[in-house]
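Here is a friendly note to read alongside the structure.

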Amino acid sequence: MASPSSDELLGTFVPIAVYWIYSGIYVMLGDLNQYRLHTKAEEETKNVVSKGTVVKGVLVQQAFQVAVSLLLFTFMSGDSGVLLPQPSFPVIILQFVVAMVVVDTWQYFMHRFMHINKFLYKHIHSKHHSLVVPYAFGALYNHPLEGLILDTIGGVLSFLISGMTPRTAIFFFSFATIKTVDDHCGLWLPGNLLHVFFNNNSAYHDIHHQLYGTKYNFSQPFFITWDKILGTHMPYSLEKRKEGGFEARPIKKID
Ligand SMILES: [Zn+2]
Ligand SMILES: [Zn+2]
């Protein structure tokens, strides 16, 4: 048993700060009607929870995650205080990619299972889907058990399998947080660099949040590979709305 190192503490708390800072930037950008994937009216009628409830729900789930992470570090840490040397930059990049693949694989199967299993959907995952029109700070509006299964266990697996240091993990978990918030921002902003590098983006995930889309686009948060391999990929076209903004429309027939 050891107390968590400073890097482990940073790896726990920095992604939470990043979550609120990055989603706070989206709040400050305002409504941006010309880039929205849904109108404000749709947001008000389709979302069944208030923003206050969402903020509280995210804070509860983050508190739960902090508690679990600190417990894990306390019981799993090696020699506390001994700083592991950082490997070379190419090795760090490789560890990042391995960790992305591990998180994606874990989350795809767990996420899909939460849709297939009616009990898990009703009691756990439906909470995330109460936001039919996603927005940035609702990205982690999840049941705490979903946070534990998808995010915490997925995070631990990616950390262990990639072999990254706790210092690299601060950056990796912060990046994964940014990606998740961005995928829920509800906007199609020109020049979004994440859209250049990843096909899994706000429009792709928006399809999954629609009532017709819950059998498609389970992949998250980085790639769309598992959806493509396992036939759950729903391509979309981005159409301009007459009220302003865009609409992500499925291209394939919905089953
Ligand atoms: Zn889902
Ligand atoms: Zn989502």
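1. Let's begin with a pair of helices: α4 passes α7 in a right-handed crossing, meaning that the near helix is turned clockwise from the far one by less than a right angle. Helices here are DSSP runs (H or I, at least four residues), numbered from the N terminus. Please keep in mind that this is a predicted model, in which local features need pLDDT of at least 70, side-chain atom pairs count only at pLDDT 80 or more, and totals for chains, interfaces and linings use all residues. Residues are numbered from 1 along each chain as its sequence is written, while chains are lettered from A and ligands numbered from 1 in the order in which they are written.

2. The axes of α4 (residues 89-116) and α7 cross at roughly 45° and come within 11 Å. These axes are lines fitted to C-alpha atoms over the stretch in contact, with angles running from 0 to 180 degrees between N-to-C directions. That makes α4 oblique to α7; angles under 35 degrees count as roughly parallel, over 145 as roughly antiparallel, 65 to 115 as roughly perpendicular and the rest as oblique.

3. Which residues of α4 and α7 meet? From α4 come Ile92, Gln95, Phe96, Ala99 and Val103, and from α7 Thr168, Phe172 and Ala176 (contact: C-beta atoms, placed from the backbone, within 7 Å).

4. Now for α1: this helix packs with α7 (residues 166-183) at an angle of about 20°, their axes 8 Å apart. The two are therefore roughly parallel to each other. α1 also passes α7 in a right-handed crossing.

5. Val181 of α7 is part of the contact with α1. Leaving aside residues up to four places away in sequence, Val181 touches Tyr19, Tyr22, Ser23, Ala136 and Ala139.

Definitions and conventions. Two residues are in contact if their C-beta atoms, placed from the backbone, lie within 7 Å.
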